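Here is a short briefing to read alongside the coordinates. Keep the viewer open while going through the points.

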Amino acid sequence: MAASTFAASTVVARLTAKKAARSGALWGYFFGVCVASSALTYLSSYKTEAAREKLAANFGANTALAALFGPAHELQTVAGFTAYKVLGFLSIVGAVWGLLAATRLLRGEEDAGRWELVLCGQTTRRGAAAQALLGLGSGLVALFIVTALVTVLTGRSSKVHFGIGESVFFALALVCSAAVFLAVGAFTSQLAATRRQAAAYAGYVLGACYALRMVADSGIGLDGLRWATPLGWVELLQPLTGPDWVPLLPSAVLVAALALGTVQLAGPRDVGTSTFPDHPTAPARTRLLNGPAGLAARLMRPSVAAWGVALAATALIFGRIAKPAGAAISGSNSIGTVLSKLGAHGVGARAYLGVAFLIMAIMLGFVAANQVTAARTEEASGRLEHLLVLPLSRWSWLRGRVLEAVAVLVVGGLGVGAFTWLGAASGHAGLPFETLVNAGLNMVPPALFVLGTGIFVSGTWPRATSVAVYGVISWSVLVTVIGGFADNSHWLLDTSLFHQMAAAPASAPNWASDGIMVAIGAAAATIGGFAFQHRDLVGE
Amino acid sequence: MATTAVRTEHLTKRYGAVDALKDLNLEIAKGEVVGYLGPNGAGKTTTVRLLLGLAGPTAGRAEIFGMDCESQPVEVHQRLAYVPGEANLWPSLTGAETLHLLGRVHGRVDTAYSDDLIMRFDLDPSKKVRAYSKGNRQKILLVAALMSRADLLVLDEPTSGLDPLMEQEFRRCIDEARERGQTVLLSSHILSEVEALCDRVAILREGMLVEMGTMVELRHLSALSVDATFDGPVPDISGIEGVSAVETSGRVVRCQVRGTIEPLLRVLATSGVHQLISREPSLEELFLEHYGRPKGPDEPTAPDEPAAPGGAVAKVG
């Protein structure tokens with residue numbers, strides 16, 4: 001009897017843990033593979049002491065690259081290189097995972113009405129929120145355990161040789177941002193009226209943290225800003241090179257404070273409502289609501305605006321620091337080699353911006369993925385049925401969504417070019433407007449490829465849409481980043497979308513290659529559209 | 001000019017090894033209000049999705065107003081309006097914005113009627129969808145469908161979540177639709193609603209149409225309940241043609257009579273009957289009769305060509 005009472009009173013924790021742990025373990029495996037591949041790449045690419053010293057000399061003090069990838073320490077060692085390669089990248093991935101998991105399992109459950117069922121059981125609103133946090137903690141533990149396990153196994157190799165304690169601390173550093181943003185997501189879930197809003201709020205926090213981290217690492221004398229952002233705390237941990245436990249303290253305090261805040265806010269708040277004032281009524285704004293394209297524009301407006309702000313801010317910052325960063329790169333053969341592997345064959349600010357545009361192309365790829373998954377969500381939620389039972393063909397609906405997504409991506413690319421020019425002009429980098437706008441336009445084809453691939457998968461295997469589009473981007477990023485530092489097979493590199501894109505403005509855009517990507521994307525979208533036309537609508 | 005609103009021929013839908021709908025032959029005349037009944041998983045929603053072109057048939061075909069549902073969905077949808085049981089609308093839009101959107105895409109809106117419906121259903125259109133209760137979200141879809149004055153209304157559990165007052169209002173709206181000559185296909189679990197509104201009823205079981213006809217026809221196919229109270233000794237009526245389920249309690253006999261009641265009346269007339277009560281089965285009883293017992297191999301199916309009003313025909317394939 002006591003056992004069944006306990007089981008009933010912990011059902012939320014167990015249900016949340018089940019979902020979070022599965023996802024955490026999967027991402028932990030990805031984290032581990034990234035660590036292992038970076039270490040092995042270093043061993044195969046920098047075989048001699050001389051090569052390693054040269055790498056360290058060129059990268060160690062380069063503030064421009066630090067702004068992009070984070071600071072480098074002890075690059076003459078496999079440990080230093082591995083930490084440099086994966087820490088910054090996986091911190092972002094972990095943060096995104098954290099905020100999405102938390103908002104999905106807290107606010108998402110509330111939106112779906114399942115939270116009400118849970119609250120009919122032996123718990124209170126505060127109790128359920130606390131249990132959900134425990135469940136999310138299980139997901140974090142799974143992420144940590146799997147990451148640590150693969151890192152320890154990698155470290156046992158005689159050539160890699162990470163100590164067990166070092167490996168575990170490294171894994172801890174890798175999941176640190178995930179912990180913080182799980183808590184941020186849980187907290188914003190109490191503030192917002194919908195899961196989408198909660199994820200957007202948490203996303204804004206992440207964007208601000210990333211911008212602060214970039215400014216702190218850009219070598220303009222604001223190093224202290226690292227203490228102002230959770231992504232900076234991760235860097236300050238300096239795993240594998242100069243481990244320091246102290247920066248874990250602000251992370252732990254913030255997580256505890258946000259968890260406490262989450263539980264506190266869950267108490268007085270009615271289920272289904274928000275802490276921030278939500279206006280349940282509004283005057284009708286029907287200007288856009290004359291068809292499916294207008295509806296899509298209306299629904300996507302908040303996320304497109306958020307991405308637009310993020311891209312514009314990133315472009316401005318990159319443009320602003322392009323001149324000093326370019327000066328640091330000039331004269332370094334080693335950096336030139338690395339940049340050339342990333343596709344940037346120029347010198348100075350152009351070479352630097354070549355890599356910067358690569359990063360912004362990845363962001364634009366995520367915008368494309370977001371457009372595809374939003375369209376798929378319309379179908380999965382059943383809302384699309386309300387339109388398709390009206391005199392509206394599936395082709396018309398899909399065409400509207402695709403054209404709108406294409407417009408968003410093209411405008412995004414051009415905007416990135418324009419804002420980078422604005423930043424560069426304010427920093428007297430002396431780069432022509434046309435060159436940077438062309439570089440912005442050059443980012444669009446990979447995003448269109450992602451869009452086309454997404455429509456193809458959505459038409460043929462709809463439930464795999466999200467995995468497919470984010471998988472294509474993640475794979476391409478991984479291959480491109482590893483390829484930048486290692487002598488990899490061109491067959492492997494060719495599987496990356498971003499490797500197919502010329503690193504403009506470091507080199508001239510390869511419009512032929514861009515055209516092929518657009519053509520493949522268009523063909524994939526056409527086939528996907530045809531399949532969508534002839535298949536049954538599929539729910540979640 | 002076609003007099004048939006909906007016609008299916010050997011319509012079949014299979015999901016893997018599961019037959020969701022088997023060989024459905026159905027015909028609904030213009031202006032008819034037809035109830036579509038069946039327990040969960042019987043194939044009602046599958047039929048509706050096939051008619052709407054949201055899913056494609058594994059075999060057979062469906063037509064609405066003579067147009068193929070699979071190859072001419074846009075033309076078909078110009079003539080119909082649909083209300084699903086699950087009102088998953090866009091949470092950030094208000095009720096008014098949702099109605100505006102659905103009306104603009106449909107292209108047919110009787111604005112005056114729309115305003116009237118909003119008032120009759122006591123709907124506040126300025127609220128955001130996420131602030132509506134389930135019943136109010138359902139009202140949005142009902143208003144959107146009814147305001148189009150579509151020739152065919154396809155309603156799949158349309159009153160789920162509505163309170164009894166609103167359900168009464170819904171019934172009035174369907175009566176108005178009938179008077180205007182609109183055709184209605186009403187899939188519902190609320191049997192009293194179907195009984196009150198529908199000219200004919202189709203009953204599905206395990207993906208197959210097992211019965212279709214007017215209430216009179218269906219009652220004719222089913223047993224009549226008879227309670228007889230005698231002044232004296234109770235006669236043995238168990239051997240009388242058509243009589244079954246005989247139960248005796250003191251001087252009261254209760255039984256079921258299938259087919260004509262004449263043989264029973266002849267016996268009762270000579271046995272000192274003090275009181276005789278006969279009652280036709282309600283739709284609920286008819287429904288339960290179909291689903292309360294396992295289907296035998298020789299189970300009678302729908303009549304081949306019942307003399308249904310409106311010239312409708314129901315067959316089991």
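The points below cover the two chains, their contact and a few local features.

This is a predicted model: local features need pLDDT of at least 70, side-chain atom pairs count only at pLDDT 80 or more, and totals for chains, interfaces and linings use all residues. Residues are numbered from 1 along each chain as its sequence is written, while chains are lettered from A and ligands numbered from 1 in the order in which they are written.

**Chain B overall**

- Chain B holds ten helices and 15 strands. Helices (H or I, at least four residues) and strands (E, at least two) are DSSP runs, numbered from the N terminus.
- The C-alpha trace of chain B spans about 75 × 40 × 40 Å along its principal axes.
- Chain B has 317 residues, and 45% of them count as buried. A residue is buried if 20 or more other C-beta atoms lie within 10 Å of its own, exposed if 12 or fewer, and partly exposed in between; C-beta atoms are placed from the backbone.
- Among contacts in chain B with a separation of 6 or more, 71% join residues 24 or more positions apart. Two residues are in contact if their C-beta atoms, placed from the backbone, lie within 7 Å.

**Contact between the chains**

- Chain A gives 28 residues to the contact, and chain B gives 30 residues.
- On the side of chain B that touches chain A, the elements giving two or more residues are α2 (73–77) and α3 (95–106) of chain B.
- α3(B) gives the most to that side, with eight residues.
- The residues on that side of chain B divide into 15 nonpolar, nine polar and six charged. Ala, Val, Leu, Ile, Met, Phe, Trp, Tyr, Cys and Pro count as nonpolar, Asp, Glu, Lys and Arg as charged, and the others, Gly among them, as polar.

**Strand β8 of chain B**

- Strand β8(B) covers residues 183–187, and five of its five residues are buried.
- Thr183(B), Leu185(B) and Ser187(B) are buried on one side of the strand, and Val184(B) and Leu186(B) on the other.
- Strand β3(B) (residues 33–37) runs parallel to β8(B), joined by four bridges. Two strands pair if DSSP finds at least two bridges between them.
- Val34(B) has Leu185(B) as its bridge partner in β8(B).
- Strand β7(B) (residues 152–156) also runs parallel to β8(B), with five bridges. Here Leu153(B) has Val184(B) as its bridge partner.
- A right-handed β-α-β unit is made by β7(B), helix α6(B) (residues 164–179) and β8(B). A crossover is right-handed if, with the strands pointing away from the viewer, the path from the first strand over the helix to the second runs clockwise.

**Strand β14 of chain B**

- Strand β14(B) (residues 273–279) is hardly covered: the count of buried residues among its seven residues is zero.
- Six bridges join β14(B) to strand β11(B) (residues 224–230), and the two run antiparallel.
- Arg279(B) in β14(B) stands opposite Ser225(B).

**Helix α12 of chain A**

- Helix α12(A) has 29 residues (292–320), so at 1.5 Å a residue the helix should span 42 Å; its end C-alpha atoms are 40 Å apart, which agrees. The expected span is 1.5 Å times one less than the number of residues.
- α12(A) bends by about 55° at Arg301(A), and a proline, Pro302(A), follows within four residues. The bend at a residue is the angle between axes fitted to the seven residues ending there and the seven starting there.

**Backbone details**

- Glu74(A) has a positive phi of about 50° although it is not a glycine. Glu74(A) lies in the loop between α4 (63–69) and α5 (78–111) of chain A. This residue is partly exposed, because 18 C-beta neighbours lie inside 10 Å.
- Glu206(B) also has a positive phi of about 50° and is not a glycine. Glu206(B) sits in the loop between β9 (200–205) and β10 (208–213) of chain B. With 15 other C-beta atoms within 10 Å, Glu206(B) is partly exposed.
- The peptide bond from Ala504(A) to Pro505(A) is cis, with omega near 10°. Pro505(A) lies in the loop between α22 (497–500) and α23 (511–534) of chain A.
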